[in-house]
Amino acid sequence: MHLNEETKSSELIYQGKILHITKDIALLENGTEAIREVVHHNGGVCVVPLTDQNEVLMVEQYRYPQHCVTLEIPAGKLEQGEEPLTCGVRELKEEAGAVADEMIYLGKLYPTPAYDTEIIHMYLAKGLHFSTQDLDEDEFLDVRRVPLSEAVQMILRDEIPDAKTQIALMKAYLLQK
């Protein structure tokens, strides 16, 4: 079949806490075989928490692979079998200390479809009520309020390099127009 690859075999290369990696042999449409290294991840959720003043609650945190502090929207990984909405509600409370009256689904994105199974579901949270954060014991972050229009300008100035944050913020911005 055109534009299809069939998995002939799959070998586990690495098993970690949040992902595992396989080395697969795929049969291509022309009859030849190719090696495909695949990162398997449960996926995640990100949330654009938008206040009544049109500010986004964003989090600053250190990202070890990039060795820098990033500005992102609240996000987290899906537990096995967890519904994306449940994860989004949990991460909004944990990271931003907020609960929303309304969670609007913005769609999904594939961060790196060439070698990773991860799917990130995006939400816009409105009607926010505030309490306290409930961070994981290994999670350290600061919450920052940024006007939505300023966040868009920060994306355009290359000050927010995180893909999920860029895409979700731009979708939220366009929906607010």
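In this predicted model, methionine 58 touches Leu71, Glu72, Ile73, Asp142, Val143, Arg144, Val146, Ala151, Ile160, Thr165 and Leu169, leaving aside residues up to four places away in sequence. A second, separate core of twelve residues includes Val47, Leu57, Leu92 and Ala96.

**Largest nonpolar core**

- The largest nonpolar core has 22 residues, and those touching the most other members are Cys46, Val48, Val56, Met58, Ile73, Ile160 and Leu169.
- At least two residues of this core come from each of strand 4 (44–49), strand 5 (55–63), strand 8 (98–109), strand 9 (120–130), helix 2 (148–156) and helix 3 (163–176).
- Helix 2 supplies the largest share of this core, with four residues.
- In soluble globular proteins, nonpolar side chains tend to be buried together.

- An open sheet is formed by four strands in the order 7-4-9-8, with mixed pairing.
- Strand 7 (75–77) and strand 8 are the edge strands, each pairing on one side only.
- From one strand to the next, the twist averages 25°.
- Ten bridges join strand 8 and strand 9, which pair in the antiparallel sense.
- Tyrosine 105 is placed opposite tyrosine 123, a residue of strand 9.

**Helix across the strands**

- Helix 1 (residues 84–96) lies across strand 4, strand 7, strand 8 and strand 9.
- Relative to strand 8, helix 1 runs at about 125°.

Key:
Residues numbered from 1 in each chain as written. Predicted model: local features only at pLDDT ≥ 70, side-chain atom pairs only at ≥ 80, totals over all residues. Heavy atoms only, no water. Core = buried A, V, L, I, M, F, W, Y, C linked by side-chain atoms within 4.5 Å. Buried < 20%, exposed > 50% of the residue type's maximum accessible area, 1.4 Å probe, protein only. Contact = heavy atoms within 4.5 Å. Pairing = 2+ DSSP bridges. Axes fitted to C-alpha atoms, helices over the stretch in contact; angles between N-to-C directions.
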